[in-house]
Amino acid sequence: MNSSSIAGLLPVVVFLAVALVIALAARRQAAGAAGGFVKEYFIGSRSLGGFVLAMTTIVTYGSVSSFVGGPGQAWSIGFGWVYMASVQVTTLFILYGIMGKKMALISRKLGAVTVIDVIRERYQSDSLAVASTLIMVLFFAATMVAQFVGGAKLFEAVTGYSYVTGLAIFGIAVILFTTIGGFRGVAFTDALCGIAMLVGIAVLAGGIFSQGGGYANVMDTIASNHPEMLDPLSGGNMPVGLYFTQWLLVGVFTFCLPQSVVRCMGFKDAKALHRAMIWGTIIIGAMMIGVTSLGVFAAGILPGSLADYGGSVDNIIPTAIARSLPPWLAGIAIIGPIAASISTVSSLLIASSSAIIKDLWLHRERAKGKEIADSLISSGSQAVTFGIGIVVFVLAIVPPSVIWKINMFAFGGLETAFCWVFVGGLFWRRANKTGALCSMIGGTAAYCLAMATGFKVAGLHQITIGITLALVLMVVGSLVGKPTGGKALATFFPRAEGPE
């Protein structure tokens, strides 16, 4: 262990220690919260202010692939990838604008703690709730594995410690503070992670421009070596069809990701929502456009071919950090992507455990007329959160390749499964459980099959297949299926006395 390795490790350890302290403080604050353990642990007693709401939504959405895989692709393609990423500026505005107010009002009327609570009540279907739970947990697990892998690879490349060492340090830390802090702890540590991500972007930008001789020199180097990188279509590497489908995948349809929708159930009032919309739009724009642009700028200091950097775009940002910054600054810079990994894993962990504990176990026990003590719910929830984290940690020990593709696959699957179920449930009285089941199961199956076989229509990403078929199945199934009863609709459509 040399001094440079210690210098690179120290900022990461300090950051993780601060995150753990925040989780413990959130747990202590939660002890006096009203509403019982379930409402506090899984939804933070609906107490989030505007800034924390914005930051927890941003960092749940912005994973390690946003800091490693996305900029790596930008290094390979050019500014076309940045222009594609710019659609992410709209994501929180669309999420809060479409889902925010109505999801908050309905969840409060129902006393709902999870998005599956809302789905079950709207469609009056336990089968749909079970399908929702299984799909969420499976796609969340894939995403969490990608986060663990990305964070550990970055740690290894920058600090010189082994992949497994990095995985153990931050993997165990995030499992512990998520288990301890619950939703409130996750939201507060997410705010810390968001700040760390912005600092990491600024530090790396300084390192790249310093190493490359300034912004003008970096741009001149790129123009000389790879002039196509300055072209919006990147010499054919960014066709219009790719723009279109990526805008759908990482922009338009992200409003229906369940890990983001649940944030709309946790804010304290309309003022917090409006502030989150403003703060969130500004910060996510600066963050996503900024970090993706760093991948292009890295081409000014990493001019070789991909083979020179291990043959994977996932190695570009770790290499740029290691080459452009002294060890202590490199340790600060990697906090950003590690924070992105931590925040995404913690949010998905709490969502997965809530699906299993609240939506499967507690619902079944209460349907039998049993009342479960808060102490048992508390220990069970923490055990499940810890257990899921350990399973994902073990799966990440043998890492898969190309983490951004894994992340995008999970995004597409969740969007296909939940988009029309949410939209139909909240805004179309005629939507029913037949349509919702057909949409979720049929659309997701078609999407996964198309991804597995590589089948595309007109060269477009498979999300277009999944989301289109899911819409058709929702409409057809709802029109031919039995309408939802008037009592079930009353909460969602207050002036409706029955189905159309």
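Buried residues have under 20% relative accessible area, exposed ones over 50%, and partly exposed ones lie in between (1.4 Å probe, protein chains only). The model is predicted, so that local features need pLDDT of at least 70 and side-chain atom pairs count only at pLDDT 80 or more, whereas totals for chains, interfaces and linings use all residues. Residues are numbered from 1 along each chain as its sequence is written, and side-chain values use heavy atoms, with hydrogens and water left out.

**View 1. The salt bridge between D126 and R120.** A search of the whole structure finds one salt bridge, a term that requires a side-chain nitrogen of Lys or Arg within 4 Å of a carboxyl oxygen of Asp or Glu. In the pair formed by D126 and R120, the closest N and O atoms are 2.9 Å apart. D126 counts as partly exposed because its relative accessibility is 45%, whereas R120, at 11%, counts as buried.

**View 2. S107 in helix α7.** S107 lies in helix α7, which spans residues 91-110 (helices are DSSP runs of H or I with at least four residues, numbered from the N terminus). Because its relative accessibility is 0%, S107 counts as buried, and its side chain reaches the backbone oxygen of A104 at 3.0 Å.

**View 3. The largest nonpolar core, with F148 and I321.** This core has 147 residues, and F148 and I321 have the most contacts inside it; its largest share, 17 residues, comes from helix α10 (residues 163-211). A nonpolar core is a set of buried Ala, Val, Leu, Ile, Met, Phe, Trp, Tyr and Cys residues joined through side-chain atoms within 4.5 Å.

Note on methods: Helices (H or I, at least four residues) and strands (E, at least two) are DSSP runs, numbered from the N terminus. A polar contact is a pair of N or O atoms within 3.5 Å; within protein, one must be able to donate a hydrogen and the other to accept it, and residues adjacent in sequence count only if both atoms are side-chain atoms.
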